[in-house]
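Colleague: Could you take me through this model one feature at a time, giving the general idea before the particular case?

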Amino acid sequence: MKRMMMALAVSLMMTTAVMAQDNQSKGKIGKMRMMDPTEMIQKRTDATVKKYGLDETQAKKLLELNTKYASKMGPRMGRPGGRRPDANNARPELTDEQKAQMKERRQKMEEQMNAYNTELQGILTADQYKSYQADQQKQRMVRPAKAKTEEKE
């Protein structure tokens, strides 16, 4: 009887510890999503400055550019999203109206990205911009490959 009570006590403590860790990890994720927009802009700018070796003048101009386009690019930029598949891993069919809205949003986003890239080209040197374009192309190549892999599974 004592052994059974000890085993029960140990399992209860382990369960409590696991639950506490799970709550802590959820808290971290929640905090990341609740980050201040200005912090996000600053982090994005800092990462770009570091990656492409920008000087102080370029960094200031880039911060202004990122601030200008942050609201235009939308709150979802950089975050995974989209429609969730149902239990059978099938996506729901879209109506013609939904398809038209998606096409319109996509065109608007492309226009904004082109305007951003045009202004960015004025800030970066030719070599820096070429490197930036290569990185953007790599990202475009990776995303469709991931989507195809997920569909097969």
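The dialogue below goes from confidence and fold to the core, the salt bridges and the surface.

Colleague: Before I read any detail, where is confidence lowest in the chain, and where is it highest?

Modeller: This is a predicted model, and pLDDT expresses the predictor's confidence in each residue. The mean pLDDT of the chain is 79, with 72% of its residues at 70 or more. Confidence is lowest in helix 1 (residues 2–33), where the mean is 69, and highest in helix 4, where the mean is 92. Over residues 76–81 pLDDT stays under 50, and for this segment the model has four contacts beyond four places in sequence.

Colleague: How many helices and strands does the secondary structure of the chain come to?

Modeller: The chain has five helices and zero strands, so that, read from the N terminus, its elements run α-α-α-α-α. As for how the chain comes together, residues 24 or more positions apart account for 58% of the contacts with a separation of 6 or more. Met-40 is found in helix 2, and its relative accessibility of 43% makes Met-40 partly exposed.

Colleague: Which residues of the largest nonpolar core touch the most other members?

Modeller: The general idea is that nonpolar side chains tend to be buried together in soluble globular proteins. Here the largest nonpolar core has 14 residues, and those touching the most other members are Leu-54, Leu-62, Leu-65, Tyr-116, Leu-120, Leu-124 and Tyr-132. Helix 2, helix 3, helix 4 and helix 5 each supply at least two residues of this core. For the chain as a whole, buried residues make up 17% of the 153 residues.

Colleague: How many salt bridges does the structure hold, and which parts does the pair Lys-51 and Asp-135 tie together?

Modeller: In reading such a pair, one looks for a side-chain nitrogen of Lys or Arg within 4 Å of a carboxyl oxygen of Asp or Glu. The structure holds two salt bridges, one of them between the side chains of Lys-51 and Asp-135, at 3.4 Å from N to O. Because Lys-51 lies in helix 2 (residues 37–52) and Asp-135 in helix 5 (residues 126–152), the pair ties together parts that are 84 residues apart in sequence. Lys-51 is exposed, with a relative accessible area of 55%, whereas Asp-135, at 17% relative accessibility, counts as buried.

Colleague: And how far apart are the closest N and O atoms of Lys-68 and Glu-119?

Modeller: They are 2.9 Å apart, and Lys-68 forms a salt bridge with Glu-119. This pair also links distant parts of the chain, with Lys-68 in helix 3 (residues 56–73) and Glu-119 in helix 4 (residues 96–123), 51 residues apart. Lys-68 is partly exposed, with a relative accessible area of 40%, and Glu-119 counts as partly exposed at 31% relative accessibility.

Colleague: Turning to the surface, which residues form a nonpolar patch there?

Modeller: A nonpolar patch on the surface is formed by Met-1, Met-5 and Leu-8, which together have about 390 Å² of accessible area. Of these, Met-5 is found in helix 1, the element in which confidence is lowest. The accessible surface of the chain comes to about 13200 Å², and 57% of that surface belongs to carbon and sulfur atoms.

Key. Residues numbered from 1 in each chain as written. Predicted model: local features only at pLDDT ≥ 70, side-chain atom pairs only at ≥ 80, totals over all residues. Heavy atoms only, no water. Helix = DSSP H or I, 4+ residues; strand = E, 2+ residues; numbered from the N terminus. Buried < 20%, exposed > 50% of the residue type's maximum accessible area, 1.4 Å probe, protein only. pLDDT = per-residue confidence, 0-100. Contact = heavy atoms within 4.5 Å. Patch = residues over 30% accessible without salt bridge, like charges linked within 9 Å, V, L, I, M, F, W, Y side chains within 5 Å. Areas by Shrake-Rupley, 256 points an atom, 1.4 Å probe, with all protein chains shown as cover. Core = buried A, V, L, I, M, F, W, Y, C linked by side-chain atoms within 4.5 Å.
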